[in-house]
Amino acid sequence: MFLRRACLGICLLICCLLPAVSAFALELTAANHTTKKISLAVSYMHSDSKTWVCRGWWTIEPLGKLSIKLDTNNRLIYFLGVSGKTRWGGKADAEGTVSLPVTSQKFLYKVKTERPTGEGFRVENFKAKKLGGDGRFTIIFND
């Protein structure tokens with residue numbers, strides 16, 4: 001009887017912990033080492049749906065820093081930083097670059113099945129970034 005209760009208790013404990021384990025997020029830290037305000041967009045594989053999404057825009061103030069939790073457990077993301085005509089992202093036809101549509105407004109869409117809506121629609125080049133040894137994605141924007 002004691003063994004049966006102990007097993008039941010362990011099973012209940014495991015069931016209570018499962019929802020916490022299934023939600024997964026990795027941190028993206030972006031540091032702006034310029035005197036320009038930068039807008040940031042990222043593309044990542046969403047941990048629940050296993051589909052690539054593209055999301056933007058976050059603002060990083062001049063000489064500022066930003067931390068974002070991304071709902072991903074993938075070791076790769078793509079990013080784009082924009083300030084006026086300046087771009088920090090991928091180069092057309094270069095390895096590690098993906099071209100994705102964006103708009104001037106905030107957006108979130110599934111890459112293969114949707115596209116962003118709003119004004120300023122255009123296609124931009126995003127650059128690949130791998131997860132660092134500290135378990136974070138770190139991007140540093142320089143002049």
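User: In which sense do strand β7 and β9 pair, and over how many bridges?

Analyst: This is a predicted model. Strand β7 covers residues 97-102. The sense of the pairing is antiparallel, and the number of bridges is 6.

User: Which residue in β9 stands opposite Phe 79?

Analyst: Strand β5 (residues 76-83) runs antiparallel to strand β9 (residues 122-130), and 4 bridges join them. Phe 79 has its opposite residue in β9, and that residue is Lys 127.

User: Which residue in β10 is the bridge partner of Leu 28?

Analyst: Strand β1 spans residues 26-32 and pairs with β10 in the parallel sense, over 6 bridges. Within β10, the bridge partner of Leu 28 is Phe 137.

User: How many residues lie between β2 and β3 in their hairpin?

Analyst: Strand β2 (residues 38-45) and strand β3 (residues 52-60) run antiparallel and are joined by 8 bridges. One of the facing pairs is Ser 39 with Thr 59 in β3. The turn of the hairpin includes Lys 50, and the number of residues between β2 and β3 is 6.

User: What is the phi of Lys 50?

Analyst: Most residues other than glycine have a negative phi. Lys 50 sits in the loop between β2 and β3. Although Lys 50 is not a glycine, its phi is positive, at about 60 degrees.

User: Is Asp 93 buried or exposed?

Analyst: Asp 93 is in the loop between β6 (86-88) and β7. Its phi is positive, about 65 degrees, although Asp 93 is not a glycine. The cut-off for exposed is over 50% relative accessible area. Because the relative accessible area of Asp 93 is 84%, Asp 93 is exposed.

User: Is the peptide bond from Gly 56 to Trp 57 cis or trans?

Analyst: Most peptide bonds are trans. Trp 57 is part of strand β3. For the bond from Gly 56 to Trp 57, omega is near 5 degrees, and the bond is cis.

User: Which residue in β8 is the bridge partner of Gly 56?

Analyst: β3 is joined by 4 bridges to strand β8 (residues 107-110), and the two run antiparallel. In β8, the bridge partner of Gly 56 is Phe 107.

Notes:
Residues numbered from 1 in each chain as written. Predicted model: local features only at pLDDT ≥ 70, side-chain atom pairs only at ≥ 80, totals over all residues. Heavy atoms only, no water. Pairing = 2+ DSSP bridges. Buried < 20%, exposed > 50% of the residue type's maximum accessible area, 1.4 Å probe, protein only.
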